[in-house]
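Please look over the sequence and the model shown here before reading on.

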Amino acid sequence: MCIYQSKKNNFGSLMKEDLKKGIITMPDESINVRDVIVKKYPDFKISIMTEEFSTSYKFIISDERSLNWVLFPEKKVIGNYQCQKAELNFAGRKWTAWFTDEIPYYDGPYKFRDLPGLIVEIKDVSNSHSFQLQSTKKIKGSYIPNIVDEKKKVRNFAFNDFVKFYKEYRIDPTKEFKQKVISGDIYYESDEERQEHMRSVESLRKERIKKDNNIIEIDLLK
């Protein structure tokens, strides 16, 4: 198992703006990341497991897009590894990676893989997203972090179907919630309480989406 440190470098500026309004947007350290990248070897089938978009379901989104790397002769040492440069256009961003053939695994952080060695460092050209290898560790069997709720029902998506869903979700992030209210799955003492709660949930989710404008796969916003 390889452990990477990731950065989303515009987050600090968003947090500072919120602090001026008396709002703390930095998540508490006890809150888990709600996405898991699952890679099945040796064919490197990629999927994301997430409960970000639903309170009832966990989504498993398969992604079979190929990665068309361009390798360069340029080399440098990162940590203890001799690394070589590679570049990639993926998901609306241009990425620069440094990989080492001293660790003969064609893998890396997030969905990145298929270089002739392990990716030690990768960042996009705007420097708003970056990953750096922190450590490696041998484990037995498969490993999936206990992040998403295993009791939730599963909805499977091919990537193109998820793109359609994601765009609709950003327009109306409370669609599932509204359906629960209409069906009576959520009980309210009065119609006034129901209306107030629906407005509150919709406002909070839309505000969250508004701030989340620098996602790693930026072409999803197009």
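What follows is a short report on selected features of this structure.

## Basis of the report

This is a predicted model, in which local features need pLDDT of at least 70 and side-chain atom pairs count only at pLDDT 80 or more, while totals for chains, interfaces and linings use all residues. Residues are numbered from 1 along each chain as its sequence is written, and side-chain values use heavy atoms, with hydrogens and water left out.

## Overall fold

The protein chain has 4 helices and 10 strands. Helices (H or I, at least four residues) and strands (E, at least two) are DSSP runs, numbered from the N terminus. In sequence order, the pattern is β-α-β-β-β-β-β-β-β-β-β-α-α-α.

Of the 222 residues in the protein chain, 36% count as buried. Buried means under 20% relative accessible area, exposed means over 50%, and partly exposed lies in between, using a 1.4 Å probe and protein chains only. A contact means heavy atoms within 4.5 Å. Among contacts in the protein chain between residues at least 6 apart in sequence, 56% join residues at least 24 apart.

## Salt bridges

Side chains of opposite charge can pair when their charged atoms come close. A salt bridge is counted when a side-chain nitrogen of Lys or Arg is within 4 Å of a carboxyl oxygen of Asp or Glu. The whole structure has 17 salt bridges by this search. One of them joins the side chains of aspartate 63 and arginine 65, with an N to O distance of 2.6 Å. Aspartate 63 is buried because its relative accessibility is 5%, whereas arginine 65 is partly exposed at 24%. A network of salt bridges links Asp63, Arg65, Lys111 and Glu217.

Another salt bridge is formed by glutamate 74 and lysine 85, whose closest N and O atoms are 3.7 Å apart. This pair links distant parts of the chain, with glutamate 74 in strand S5 (residues 70-78) and lysine 85 in strand S6 (residues 81-90), 11 residues apart. Glutamate 74 is partly exposed at 42% relative accessibility, and lysine 85 is buried at 16%. In a further salt bridge, between glutamate 121 and lysine 76, the closest N and O atoms are 3.9 Å apart. Here too the pair links distant parts of the chain: glutamate 121 is in strand S8 (residues 118-124) and lysine 76 is in strand S5, 45 residues apart. Glutamate 121 counts as buried because its relative accessibility is 15%, and lysine 76 counts as partly exposed because its value is 34%.

## The second largest pocket

Rolling a probe the size of a water molecule over the atoms shows where empty space is left. On a 1 Å grid over the protein atoms alone, a pocket is an open set of points where a 1.4 Å probe fits, with protein on both sides within 12 Å along at least five of seven lines, and lining residues have an atom within 4 Å of a point. Grid points are joined across faces, edges and corners, and a volume is the space filled by probe spheres set on the points.

The second largest pocket has a volume of about 290 Å³. It is lined by 14 residues, and the closest to its centre are Arg155, Phe165, Lys175, Glu176 and Gln179. Strand S4 (57-63), helix H2 (159-171) and helix H3 (175-183) are the elements that give two or more residues to the lining. By class, the lining has 6 nonpolar, 2 polar and 6 charged residues. In this count Ala, Val, Leu, Ile, Met, Phe, Trp, Tyr, Cys and Pro are nonpolar, Asp, Glu, Lys and Arg are charged, and the others, Gly among them, are polar.

Lysine 58 lies in strand S4 and is buried, at 6% relative accessibility. Lysine 58 and arginine 155 are 97 residues apart in sequence, but their C-alpha atoms are 6.3 Å apart in space.

Serine 62 is also placed in strand S4. Serine 62 is partly exposed because its relative accessibility is 29%. Leaving aside neighbours within four places in sequence, serine 62 is in contact with Ile46, Ser47, Phe157, Ala158 and Phe159.

## Histidine 129

Histidine 129 is part of strand S9 (residues 129-136) and is buried, with a relative accessible area of 6%. A polar contact of 3.5 Å joins its side chain to that of arginine 93. A polar contact is a pair of N or O atoms within 3.5 Å; within protein, one must be able to donate a hydrogen and the other to accept it, and residues adjacent in sequence count only if both atoms are side-chain atoms.
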